[in-house]
Amino acid sequence: MEKLMIAGGSPLKGTVRISGAKNSAVALIPATILAESPVTIEGLPDISDVQILKGLLEEIGGEVSFENNDMTVDPSSMISMPLPNGKVKKLRASYYLMGAMLGRFKKAVIGLPGGCHLGPRPIDQHIKGFEALGAHVTNEQGAIYLRADELRGARIYLDVVSVGATINIMLAAVRAKGRTVIENAAKEPEIIDVATLLTNMGAKIKGAGTDVIRIDGVDNLNGCRHTIIPDRIEAGTYMILGAAAGDGVLIDNVIPHHLESLIAKLREMGVQIEANDEQVFVGPAEKMKAVDIKTLVYPGFPTDLQQPFTSLLTAADGTSMVTDTIYGARFKHIDELRRMNANIKVEGRSAIINGSVKLQGAKVKASDLRAGASLVIAGLMAEGVTEVTGLEHIDRGYSHLVDKLCGLGATIWREKLTKEEIEQLNNA
Ligand code: EPU
């Protein structure tokens, strides 16, 4: 086990290249199960979630190669092997195996990940969709059992706008008989990316990126090549970092349109932002103004950037309020930021941040992926050395974080945890 050591205070400068989108990757890889011949996905991020999914596809008989960020999956020998335990429990997005295996084999057994870090994350809308398509779904000892004699298209209205349910229903419906209509669908760019891959495989999907998606089922899907979209949350994290601790940071391989809500907020704070087709430059800000943010479904402010943004707001002039309407309990990073001298209180779904504070290095723990990003940003802003444990969360979603930050001039490195430190963490 390792920890991250950050010596704060050096201004970051230079160019950082963004990797492929994690939240697309975790759906695109299971989607390959639906094809009859090899599928290549180009530009995948080098993160542990991708490695876990590779292992899971191999477990069910897939032949998978992953080199230089390109993955080729030959799904022709896959079988509908139950996956109630093991690797599947390590991955929150393992639920996409349900839709993909149900679509291909008409049956699946998938274990659900345990303890949740963002508060409750139900999958009732996924299940409602599978049932509408004709599947019988039961939950037995922490694993979901799905079975259908035949999948038939259906009209499905999502009660909650859900990225996961929209994609999962799409995965099952592309090989159902007849037409499926998903109403009140989520509109995130990752949904368009998955629909693009499926369409390249021969699926018939219209309306991805709007709130009504129409899918006409087909009997077979073929292999193809697909290039993943850039990770808008990784890009957003580096933009926030550029504003918080930068002296001119160029973010390369980004679709600025995906980040309009963040760009607008940074500009409102007084941060200089220039964007072209695939790059965003974040200039130094003389003085940053406090702003309020409220997380919303796309194209609103993303919940995944709420935690990194909170760190930035500790340096702004005045009081800011951050409200998370998607995950009301996504505030585990606040206690850690307080250890670093931040002046923040949480009331219900909101955090109130009193700014103009100089953060101080401290020993802190990442409880989830984006909490980790928020602590790394805080560490880079702080005086002195910050030690971040819980690195396994950060490794799930940020490709080559240390290398990318060192490339910008940060003083950051990984260190092995001592036996005593491991014991302390286990007892905490
Ligand atoms: N919800 C339900 N029932 C459902 C599904 C969702 O009530 O069946 C609720 C959730 O509790 C939440 C809201 O609907 O309040 C939105 O959840 P959604 O289903 O959209 O989230 P998700 O698909 O599980 C993805 C990302 C998350 C990101 C959210 C919101 C992936 C693998 N994960 O999760 O990313 O926060 O959308 O944008 O795509 C992250 O990257 O750190 C991360 C957690």
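**Helix 2 and the overall fold**

The buried residues of helix 2 are Asp49, Val50, Ile52, Leu53, Lys54, Gly55, Leu56 and Leu57, where buried means under 20% relative accessible area with a 1.4 Å probe and protein chains only. This is a predicted model, in which local features need pLDDT of at least 70, side-chain atom pairs count only at pLDDT 80 or more, and totals for chains, interfaces and linings use all residues. Residues are numbered from 1 along each chain as its sequence is written, and side-chain values use heavy atoms, without hydrogens and water.

**Helix 2**
- Cover for its buried residues includes helix 1 (22–31), strand 4 (63–67), strand 5 (70–74) and helix 3 (96–105).
- The twelve residues of helix 2 (residues 48–59) should span 16 Å at 1.5 Å a residue, and the 17 Å between its end C-alpha atoms agrees; the expected span is 1.5 Å times one less than the number of residues.

**Whole chain**
- The chain contains 14 helices and 23 strands, which are DSSP runs numbered from the N terminus (helices: H or I, at least four residues; strands: E, at least two).
- Of the 428 residues in the chain, 57% are buried.
- Among contacts (heavy atoms within 4.5 Å) with a separation of 6 or more, 71% are between residues 24 or more positions apart.
- Along the principal axes, the C-alpha atoms fill a box of roughly 60 × 45 × 40 Å.

**Charge**
- There are 46 positive and 51 negative side chains, with the centres of the two sets 4 Å apart.
- Lys and Arg count as positive and Asp and Glu as negative, leaving out His and the chain ends; each charge is placed at NZ of Lys, CZ of Arg, CG of Asp or CD of Glu.

How values were computed:
Buried < 20%, exposed > 50% of the residue type's maximum accessible area, 1.4 Å probe, protein only.
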